[in-house]
Amino acid sequence: MPELMRCGLHALGTSIRDVVTQLMRDRRGAAAVEFALVTPVLLMMMLTLFARGRGYVQANAIEKGLRNGALYAARSENPLSADDQASAFNLAKTGTLDGSGGFLASAWADGAATLDLTTTTFTVDTETIPVYRMDASVPFDPMFPDMMSWLGLGDITITLNHEQAYVGD
């Protein structure tokens, strides 16, 4: 009977309107309801920020590798030998000349990742200077793989490039 009295049903003649009014004025449990409504939104925002941060870290690692590979190519003998080109690719992907290190970005292990090295020229007055360009296209490796499809987003690809003028030995 005490439970009924707390809800406002202490008299048989109490109308439904009075009961509803008392229930609407009762604030017990309001914080729990607000928490239940806000928590999924905050969790999604937090997971999105984590995924975005991971994307920045991966893009930074890929850019660092491209910079190192292009600089190595620019300091090698022109035209590049097959060994020098392989070393530039290894530097871009693993940070080591022989490719023995781990990948700078885990997505390099994905078969869809591509890396290209091209040579163009740039003319200053009458002098023609070779310019090495490394292009990378690497799939984003999310922390939570199913999160992107759950949010309705497709696969994300990190596409970067770096150019370096020939500097010789």
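Of the 169 residues in the protein chain, 24% are buried in this predicted model. The chain exposes about 11500 Å², and carbon and sulfur atoms supply 60% of that area. Its secondary structure comes to five helices and three strands, and because the radius of gyration is 31 Å, well over the 15 Å that the globule rule gives for 169 residues, the chain is more spread out than a compact globule.

**Overall fold and dimensions**
- Read along the sequence, the elements of the protein chain follow the pattern α-α-α-α-β-β-α-β.
- Taken along the principal axes, the C-alpha atoms fill a box of roughly 100 × 40 × 25 Å.
- When contacts between residues at least 6 apart in sequence are considered, 55% of them join residues at least 24 apart.

**Nonpolar core**
- The largest nonpolar core has 21 residues, and those with the most contacts inside it are Ile-62, Leu-66, Trp-108, Leu-115, Met-134, Ala-136 and Val-138.
- At least two residues of this core are supplied by each of helix H3 (30-75), helix H4 (82-94), strand S1 (114-124) and strand S2 (127-139), while the largest share, six residues, comes from H3.
- Leaving aside residues up to four places away in sequence, Ile-62 touches Ala-105, Trp-108, Ala-136, Val-138, Ile-158 and Leu-160.
- In soluble globular proteins, nonpolar side chains tend to be buried together.

Definitions and conventions. Residues numbered from 1 in each chain as written. Predicted model: local features only at pLDDT ≥ 70, side-chain atom pairs only at ≥ 80, totals over all residues. Heavy atoms only, no water. Helix = DSSP H or I, 4+ residues; strand = E, 2+ residues; numbered from the N terminus. Rg over C-alpha atoms; globule rule 2.2 N^0.38 Å. Buried < 20%, exposed > 50% of the residue type's maximum accessible area, 1.4 Å probe, protein only. Contact = heavy atoms within 4.5 Å. Areas by Shrake-Rupley, 256 points an atom, 1.4 Å probe, with all protein chains shown as cover. Core = buried A, V, L, I, M, F, W, Y, C linked by side-chain atoms within 4.5 Å.
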